[in-house]
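Q: Could you walk me through this model, starting with the overall picture and then the charged pairs?

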Amino acid sequence: AVLDTLPAESRVTVAELYPKVAQWCRGPLAALSGAALEDPRVSVRLGDVADRIREAGHGSPRYHAIVLDLFEGPHGGTHPVRDPFYGRHALERSWRALEPGGVLGVWGETPDQRFERRLRDQGFAVESHRPGRGGLRHWIVLARRVAGGGTR
């Protein structure tokens, strides 16, 4: 869906930890994603997404958007400082990896107000969305890097 909205000159980097998942997405699962990994705008970097974020914050080109759609997402048991994706240090790295005005999109199972507070403390403008009704459902956070934000 993201590729459908992006111009031809856009570039999308997919960070995938497991080579087998990338193989599946190019093979038997390709039809489910519209063969997204075959799109010339898409490159796959095998390895930890936290490493890609760290690289972009230290000299590599910055991102206009970072989307984290990881198992569980942030939750009450997330360590507020040390979590590699949702802790204070990780949010600082994500903030540095984004262009001014860039967006960090995060999927979760349930809302976590402490995570939203950490985002705001880092200097992000935060929108929280809870599509659907009743029961366990998705939670989406859009955190925009605003001018004058950063580590506080």
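A: Buried here means under 20% relative accessible area, exposed means over 50%, and partly exposed lies in between, with a 1.4 Å probe and protein chains only. By that cut-off, buried residues make up 36% of the 152 residues in the chain. This is a predicted model, where local features need pLDDT of at least 70 and side-chain atom pairs count only at pLDDT 80 or more, while totals for chains, interfaces and linings use all residues. Residues are numbered from 1 along each chain as its sequence is written, and side-chain values use heavy atoms, with hydrogens and water left out.

Q: Okay, how many helices and strands does the chain have?

A: The chain has 5 helices and 6 strands, where helices (H or I, at least four residues) and strands (E, at least two) are DSSP runs numbered from the N terminus. Along the sequence they follow the pattern α-β-α-β-α-β-α-β-α-β-β.

Q: And how many salt bridges are in the whole structure?

A: The search finds 8, a salt bridge being a side-chain nitrogen of Lys or Arg within 4 Å of a carboxyl oxygen of Asp or Glu. One of them joins glutamate 38 to arginine 26, with the closest N and O atoms 3.6 Å apart. That pair links distant parts of the chain, since glutamate 38 sits in the loop between helix 2 and strand 2 and arginine 26 in helix 2, 12 residues apart.

Q: Is arginine 26 buried, partly exposed or exposed?

A: Arginine 26 is partly exposed, because its relative accessible area is 43%.

Q: What about helix 5, which residues pair there?

A: Glutamate 116 and arginine 120 meet in a salt bridge (3.7 Å, N to O), and both lie in helix 5 (residues 113-122), 4 residues apart, about one turn of the helix. Glutamate 116 counts as buried at 9% relative accessibility, whereas arginine 120, at 40%, counts as partly exposed.

Q: Which residues form a salt-bridge network?

A: Arg45, Arg52 and Glu55 are linked in one.

Q: Switching topic, which residues form a nonpolar patch on the surface?

A: Trp24, Leu29 and Leu32 do, with about 330 Å² of accessible area together. Accessible areas come from the Shrake-Rupley method with a 1.4 Å probe, and for residues only the protein chains shown count as cover. Patches are made of residues with over 30% relative accessible area and no salt bridge, joining like charges within 9 Å and nonpolar side chains (Val, Leu, Ile, Met, Phe, Trp, Tyr) within 5 Å.

Q: Where does leucine 29 lie?

A: Leucine 29 is in the loop between helix 2 (19-26) and strand 2 (42-46), and at 35% relative accessibility it counts as partly exposed.
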